[in-house]
Each structure stands twice: as C-alpha cells, then as structure tokens.
Amino acid sequence: MKIHEIYRKYRVTPNLQEHMLRVCSIVEFIQRHWQAEGLVDWNFLKKIALLHDLGNTVKFDLDKNPEFLGKEKSNIRYWKQVQKEIIKKYGLNDHEATKRMLQEIGVEDEMIKTILQKSFGNSVETKNSNNWPLKILYYADLRILPFGIGTLKERIDDVRDRMPKYTNRPDFDDLVNACREIEEQIQSNLTVSVNDIGDKTTGLNQELLNLEV
C-alpha cells in the first residue's frame, strides 16, 4: 500500500499529512548530507517518518484549535465527524490509535516499535541509544513548529508553552538537555550545519507519497 493510499484510508487531515511529509523532507535533507556509513536504513526511516503520527487525529481539540485543520477549517463539521468515527474505532489515545492502524495495514513490527518510542518523554533513552533511525526521526520531528520548520530552541519553547505534562515533570531539564545532545550527535555526522535545515532547504517532496509500505 502506498503512503497516499494509507492517508486516504484513515482520512488523515491535510495539515497532518503535511506535517509528516515535512518531517520526511528533513530526513531527506539529513540523508543528503550524512557522512557516516552503515548506521541508517534510509528507506525504513522515510517510511516511519511518513507514518509516525497516523493516529493523531484522535487528540485534536477542534473547538479550541481549529487551526489544526489548516485550509480545511471551513469543513470543520466534516472533520469532527471523521474524528468521532476514528475515536470510536481506534480510541482516544493517539499512540494506541497509531499502533492499531499500523498493525491493521501490516506494517512491520520494527517500524511500529520505533514510531512508538519517539516521544519527548523518552528523550534521555533516545539520546543514550544506538538507534539512529529513532534519533533522526525524533530530531526531524523536533524541528517542526505548528506552521513550518524552526530551530530546536523554538520547539523546546513551544513544548514549554503547550505541554504541561512534560514541563511539570521533575526531569524536564534532563529531557531538554537530551534533545540538545541528540542534535549534537546528528551534527557530528553531517557535512553541513543543522542550522541549514529550513523550509527553503527542504521543501515538500510530494513523490514521497508514492512510497510503498
């Protein structure tokens, strides 16, 4: 099944599709400038980048944040009904919904495992691991702001503003420092600066939607 067929099957909102495509475009940027051999299966990594938030529709608060729909705000009644149906089938937990969707379409276990490990709360474990696909997926996701690519600092500030479940944790500073160390680890394997990652240097490669999973 191709990525665009998966998005259609699960009625992924256009802005969520764009988010995953943007994460994958950062992965492609990193691939182009990567100098370490043998650490990463890039085909595997691109696929998980394009699937990592598949079930996130269940957690959107469309009343408080209709901007999650982007250009589809005018169709909010339709998307609320879609959300209701997805929640009924896959539950309210976005991670569990993603897992169930991926299992349903037969995605390999290693892909599902890596996707489910990607979390701000797992930053320290990710930093300490040798799992480079996970590190790169997580870092690429950390560079995404609600409306485009930003710096790691901007994303951490965004977490501080919007995610009290993390900021209230006693180890929040450890999580933040782990994110910075992950960035340094990736930088050490690049021929360019991570500061070169941006909307103009990555773009949105629509051809990625034809990847077969």
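These questions and answers concern a predicted model.

Q: What makes the protein as compact as a globular protein of its length?
A: The protein has twelve helices and two strands. Its radius of gyration is 17 Å, close to the 17 Å that the globule rule gives for 213 residues, so it is as compact as a globular protein of that length.

Q: Why does R11 with E85 count as a salt bridge?
A: The cut-off is 4 Å between a side-chain nitrogen of Lys or Arg and a carboxyl oxygen of Asp or Glu. The closest N and O atoms of R11 and E85 are 2.7 Å apart, so the pair qualifies.

Q: What makes this pair a tie between separate parts of the chain?
A: R11 sits in the loop between helix 1 and helix 2, and E85 in helix 4, so the bridge ties together parts 74 residues apart in sequence.

Q: Why is E28 called buried?
A: Buried means under 20% relative accessible area. E28 has 15%, so it is buried. Its salt-bridge partner is K46, with the closest N and O atoms 3.8 Å apart. K46 is also at 15%, so K46 is buried by that cut-off.

Q: How do you know whether D63 is buried or exposed?
A: Exposed means over 50%. D63 has a relative accessible area of 58%, so it is exposed. D63 forms a salt bridge with K80 at 2.4 Å. K80, at 33%, counts as partly exposed.

Q: Why is D109 called exposed?
A: Its relative accessibility is 64%, and the cut-off is over 50%, so D109 counts as exposed.

Note on methods. Residues are numbered from 1 along each chain as its sequence is written. This is a predicted model: local features need pLDDT of at least 70, side-chain atom pairs count only at pLDDT 80 or more; totals for chains, interfaces and linings use all residues. Side-chain values use heavy atoms; hydrogens and water are left out. Buried means under 20% relative accessible area, exposed over 50%, partly exposed in between (1.4 Å probe, protein chains only). Helices (H or I, at least four residues) and strands (E, at least two) are DSSP runs, numbered from the N terminus. The radius of gyration is taken over C-alpha atoms; the globule rule is 2.2 Å times the number of residues to the power 0.38.
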